[in-house]
Structures are given as C-alpha cells and as structure tokens.
Amino acid sequence: MEWRDQGILLSARQHGEASVILDVLTPSLGRHSGVVRGGKSRKFAAALQPGAQLDLMWKARLQEHLGTFQVDLIRSRSAMVMSDRRALSGLGAVTGMLLAFLPERETNAPLFYATEQLLDLLEHAEVWPAAYLRWELGLLEILGFGLDLSACAVTGQTDDLIFISPKTGRAVSRSGAGKWADRLLPLFPVMLGQDNKYPADLPQALEVSGYFFKNHACQSLGINHLPPARSRFLDTLTKTNQ
C-alpha cells in the first residue's frame with residue numbers, strides 16, 4: 001500500500017534511537033501517522049517542525065499498519081512564529097486541537113485548506129487571532145457542535161444578537177432572552193465576523209467557544225480536557241490585552 005499527498009505537520013515524537021513518528025493533516029486522507037526513518041538526524045531538522053508543509057510518500061504492507069513516510073519540505077513556517085510568542089502559542093493551539101479532536105484517517109479537505117490558510121496568516125499579527133476564532137468555530141461545526149448565530153432562537157430576529165444558548169449553541173437577542181438572560185452565554189461581535197482585525201474581546205470570545213468544546217465536544221468524544229496548548233494560547237492573548 002502507498003499514497004502520496006501533501007500534509008501539515010502536527011507533531012513529531014521520537015521512535016527508537018533515530019526515528020520519529022509524524023502526525024500530519026492531509027487533504028485526501030485526514031490526520032495520518034507514519035514513521036520517518038532517521039528522522040532525528042540533522043537532515044530533517046528544518047523539515048520536521050510543527051506547522052511545516054510537507055510532500056509525503058507513505059508506504060506500508062497493509063493499510064491498517066503505521067507505515068513509513070518519505071518527506072520533503074514544501075514550506076516551513078518556523079521562521080514566522082519563532083520571533084512572535086503569540087504566533088508560536090497560536091500554532092501550538094492549532095496543532096493541539098487537531099490532535100485532540102480529529103480521528104485518524106477521516107478525510108476532511110475543507111478543514112485542511114482552512115488550517116493551511118490560517119497558518120499562512122501567522123505572520124500577519126493584526127488579523128490572524130480573529131481568523132483563529134473563526135477556524136475554531138469551523139472545527140466545532142465539523143465535529144457536529146456548530147453554533148447557529150444567524151438569528152434569534154426565540155424571536156427569529158437577526159439584529160441585536162447578544163447571547164448564546166449554552167445548551168443549543170443558538171443565538172438569542174436582547175428581547176428574546178427575557179428573564180433567562182443570566183443563564184445565557186455572551187455573544188461577542190467578533191464571533192459574528194464583524195471585526196477582522198485583532199479585537200479586544202477575542203479572549204472572552206474564545207472562552208465561549210471553549211465552553212462548547214469542553215461541555216459538548218469533549219463530553220461526546222470522551223476527552224477529559226482541552227489541550228494545554230490552547231490554554232497557554234488563551235493566557236498569552238489575555239496578557240497581551242492587559
């Protein structure tokens with residue numbers, strides 16, 4: 001069995017003395033693992049960094065086997081994040097969330113291209129944090145827990161949407177909330193795509209999306225907690241705003 005595709009490197013962990021096991025996100029085969037023989041050598045140092053875009057050749061005797069990768073670097077993203085602590089933590093959040101929530105070998109080309117686009121924005125500090133939030137909301141949608149922020153769940157109106165139901169993920173307007181307002185989650189303008197640049201309410205908006213990951217996606221998938229890398233990213237954003 002063999003296939004060739006490109007992929008985004010999510011993680012590389014040591015395997016034996018000199019090899020590494022890669023976890024990559026590909027457009028055609030979803031999240032996929034494989035061994036790179038000699039991956040600990042200097043030859044692969046630049047290529048095997050999280051976020052790198054790789055040309056991949058995977059081979060195995062049987063499809064269900066771990067298999068081996070031959071890799072060539074298409075594009076490195078390490079230079080754009082190493083000098084920016086916030087971008088580095090954002091990259092860690094992206095790879096951590098994909099490793100935690102994506103099952104292996106389930107194709108999702110739209111998620112691959114959305115992730116590729118997000119990572120290519122990391123050098124643009126004024127826009128990528130809001131793009132990360134949209135990416136995270138898209139991941140919730142893919143997992144089956146997407147938010148419906150198009151209209152009020154109570155009145156049907158499309159304006160003055162300021163709350164989200166913690167149970168259904170649907171938007172609720174000021175007038176529709178009534179006496180239940182204190183039981184609802186806040187809906188921040190950035191969640192509606194009203195600000196493409198770095199907004200002050202982004203950390204709070206990520207707390208809200210995190211609520212749905214923790215209380216819906218994690219519980220459904222048997223995951224104990226959100227990846228620590230996401231928490232570190234949120235801490236970095238919060239400190240930036242202080």
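This is a predicted model: local features need pLDDT of at least 70, side-chain atom pairs count only at pLDDT 80 or more; totals for chains, interfaces and linings use all residues.
A pair of aromatic rings is described by the distance of the centres and the angle of the planes. For Trp3 and Trp58, the ring centres lie 6.0 Å apart and the planes make an angle of 20°, and the pair is stacked; planes under 30 degrees apart are counted in this way. Trp3 belongs to strand β1 (residues 2–15) and Trp58 to strand β4 (residues 53–59), so that the pair ties together parts of the protein that are 55 residues apart in sequence. Trp3 has a relative accessible area of 13% and is therefore buried, as is Trp58, for which the relative accessibility is 2%; the cut-off for a buried residue is under 20%.

A stacked arrangement is also found for Trp128 and Phe233, with 5.7 Å from centre to centre and 20° between the planes. Here the partners come from two helices, Trp128 from α4 (residues 128–143) and Phe233 from α7 (residues 228–241), and the pair therefore links parts that are 105 residues apart in sequence. Trp128 is buried at 1% relative accessibility, and Phe233 is likewise buried, with a relative accessible area of 1%. Both residues are members of one aromatic cluster, which is formed by Trp128, Tyr132, Trp135 and Phe233.

Helix α7 also contains Thr236, a residue that is buried with a relative accessible area of 7%. When its neighbours within four places in sequence are left aside, Thr236 is in contact with Arg85, Arg86 and Ser89.

Two packed helices are described by the angle between their axes and the distance between the axes. Helix α2 (residues 85–101) packs with helix α3 (residues 109–120) at an angle of about 165°, and the two axes are 11 Å apart. Because of this angle, α2 is roughly antiparallel to α3, the term being used for angles over 145 degrees. The crossing of the two helices is left-handed. On the α2 side, the residues that take part in the contact are Leu91, Val94 and Leu98, and these meet Leu111, Thr115, Leu118 and Leu119 of α3. Sorted by class, the contact of α2 with α3 comprises six nonpolar residues and one polar residue, with no charged residues.

Conventions: Residues are numbered from 1 along each chain as its sequence is written. Side-chain values use heavy atoms; hydrogens and water are left out. Axes are lines fitted to C-alpha atoms, for helices over the stretch in contact, and angles run from 0 to 180 degrees between N-to-C directions. Helices (H or I, at least four residues) and strands (E, at least two) are DSSP runs, numbered from the N terminus. Angles under 35 degrees count as roughly parallel, over 145 as roughly antiparallel, 65 to 115 as roughly perpendicular and the rest as oblique. A crossing is left-handed if the near helix is turned anticlockwise from the far one by less than a right angle, and right-handed if clockwise. Contact means heavy atoms within 4.5 Å. Ala, Val, Leu, Ile, Met, Phe, Trp, Tyr, Cys and Pro count as nonpolar, Asp, Glu, Lys and Arg as charged, and the others, Gly among them, as polar. Rings of Phe, Tyr and Trp (its six-membered ring) pair if their centres lie within 6.5 Å; planes under 30 degrees apart count as stacked, over 60 as edge-to-face and the rest as tilted. Buried means under 20% relative accessible area, exposed over 50%, partly exposed in between (1.4 Å probe, protein chains only).
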